[in-house]
Amino acid sequence: MTTTLPAYDEVVARFEPVIGLETHVELGTNTKMFCGCPTDFGGEPNTRVCPVCLGLPGSLPVANKAAIEAIIRIGLALNCSIAEWCRFARKNYFYPDMPKNFQISQYDEPICVDGYLDVEVGGETVRIEIERVHLEEDTGKTLHVGGATGRIHGATESLVDYNRAGIPLVEIVTKPITGTGALAPDVAKAYVAELRDVIRTLGVSDVRMEEGSLRCDVNTSLNLPGAEWGTRTETKNVNSLRSVERAVRSEMLRQASVLDAGGRITQETRHFHEDTGDTTPGRSKETATDYRYFPEPDLVPIAPDPAWVAELKAALPELPRVHRRRLQQQWGLSDLDMQSVLNAGAVELIEATVAAGTTPAAARKWWLGELSRRANESGVELAEIGATPAQVAELQGLVDAGKLNDKMARTVLEGVVDGEGSPTEIMTNRGLEVVSDTGALTAAVDEAIAANPGIADKIRSGKVAAVGALVGAVMKTTRGQADAKTLRELILERLGVQG
Ligand SMILES: [Zn+2]
């Protein structure tokens, strides 16, 4: 079936979107949530397991204190209230990658509730309300073998790896986000980006979306202005910031086309496809009652000492938003300029380049100029471009020392990005150093004057602007390896004209 999707502008003119985000973050603790098994990635299948995380009869879980500390710090950073007493719950469902046939999670007694996270979208601050932050254990991984796409259909056998079973997961659930209109996809993306930065700053997870340590489910619905909220769908496991934005947008368009045709939205989970940017239906959504939650009888309740919580709160690091404000002030940037730094994903890169001894203006020039352009051309993130802050600082150092002019510095930077070595090595290897030998330069200047008598006369008669033509001529003979400013002064001096 081919349906023509309506135009996005037209959809947001007629419908109001409501979105919600559920984000899972794998904590970077050394051991699992309820046992002492190691959590590091990449072991042989089923080597990081014990009776507890294999769910063997008679084994008893014990909660990991480091995980509880981590989730409380996340809750505090998200402005949540921390429960003085709460319990784990069993969430019952039958999957082969869950050996106990239930997952230890939290249900009606989450440890952190009622917080918020402020995000910047298009120069405006949008407050995203957080409903809850709770702790649970991850499942194992199922691998279907023999099928075409790793899916269960057509597979000849299925293998289960329990190494991941029991790794602590934090789930962060927003309240429904309304009133964002056409910006809904951008708000969703900005929220996940900000949340990732907050958690990275806390140092409790490496929050790598591409490796699955941060996973996002996106709820979307549409309603007519003034009407009740529409039925929502849940797009599962969206694995990049760009995909978060695309998933919301594509689901808004799809739902609008269903509603326009007089259809109804089915409450279901949907899968996002990175290649096409579309979603396709998954399973019809279970409701909470399907899981038969009940309090976990094998674990004592969590009752964090308020004094400990206050201590954790006092020790929180400077959070990204405050940090960015401070940098903006230090770098002397307008809101608009800071926004372009943020959009380019260059905050940390510029910060590190400045720390390596460069001025903020020079650092910003390289990262937002040449390097952003190269990153866009090759479709990679700026941080993956192949030049490091230390190299950019070294390059600027060569410019400041008068060894490279601007044009040559750009050539050297190209070499850095292409992996030819450090800026100094490239400058030497490619013979790209400003000609500072005044003797050689003077000879080249005299030659250019002799070859262009008309221009020389113009300059002598007061038309100093014409000096550009002679600068160009000398640059050509020195293959661009002269400093333009020095050259200009030298030409005027040789012509006996005051600059
Ligand atoms: Zn274990």
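Predicted model: local features only at pLDDT ≥ 70, side-chain atom pairs only at ≥ 80, totals over all residues.
Strands β5 and β6 make a hairpin with 2 residues between them, and Gly122 in the turn has a positive phi of about 55°. Strands here are DSSP runs of E with at least two residues, helices are runs of H or I with at least four residues, and both are numbered from the N terminus. Residues are numbered from 1 along each chain as its sequence is written, and side-chain values use heavy atoms, with hydrogens and water left out.

β5 covers residues 112-121 and runs antiparallel to β6, with 9 bridges joining the two; strands count as paired if DSSP finds at least two bridges between them. In this pairing, Val113 sits opposite Arg132 of β6. β6 also pairs with β9 (residues 168-174), again in the antiparallel sense, over 7 bridges. There, His134 faces Glu171 of β9. In general, strands of a sheet pair through backbone hydrogen bonds, either parallel or antiparallel.

Glu137 is worth a stop along the way. This residue lies in β6, which spans residues 124-137. Is Glu137 buried or exposed? Its relative accessible area is 6%, so Glu137 counts as buried; the cut-offs are under 20% for buried and over 50% for exposed, with partly exposed in between (1.4 Å probe, protein chains only). The side chains of Glu137 and Lys100 are joined by a polar contact of 2.7 Å. Such a contact is a pair of N or O atoms within 3.5 Å; within protein, one must be able to donate a hydrogen and the other to accept it, and residues adjacent in sequence count only if both atoms are side-chain atoms. With neighbours within four places in sequence left aside, Glu137 touches Phe34, Lys100, Phe102, Gln103, Ile104, Gly166, Ile167 and Leu169, where contact means heavy atoms within 4.5 Å.

Gln103 turns up again in another sheet pairing: in β4, Gln103 is the bridge partner of Lys91. Strand β3 (residues 89-92) and β4 pair in the antiparallel sense over 4 bridges. These two strands are part of an open sheet of 3 strands, in the order β4-β3-β14, with antiparallel pairing. Its edge strands, each pairing on one side only, are β4 (102-105) and β14 (294-295).

Next comes helix α10 (residues 389-400). At 1.5 Å a residue, its 12 residues should span 16 Å, and the end C-alpha atoms are 16 Å apart, which agrees; the expected span is 1.5 Å times one less than the number of residues. Buried residues in α10 are Pro389, Gln391, Val392, Ala393, Leu395, Gln396 and Leu398. Their cover includes α8 (347-355), α9 (360-378), α11 (406-417) and α12. Just after α10, Gly402 takes a positive phi of about 80°.

Finally, Arg430 sits in the loop between α12 (423-429) and α13 (438-451). With a relative accessible area of 36%, Arg430 is partly exposed. Leaving aside neighbours within four places in sequence, Arg430 is in contact with Thr411, Gly415 and Glu420. Its side chain makes a polar contact of 2.8 Å with that of Glu420.
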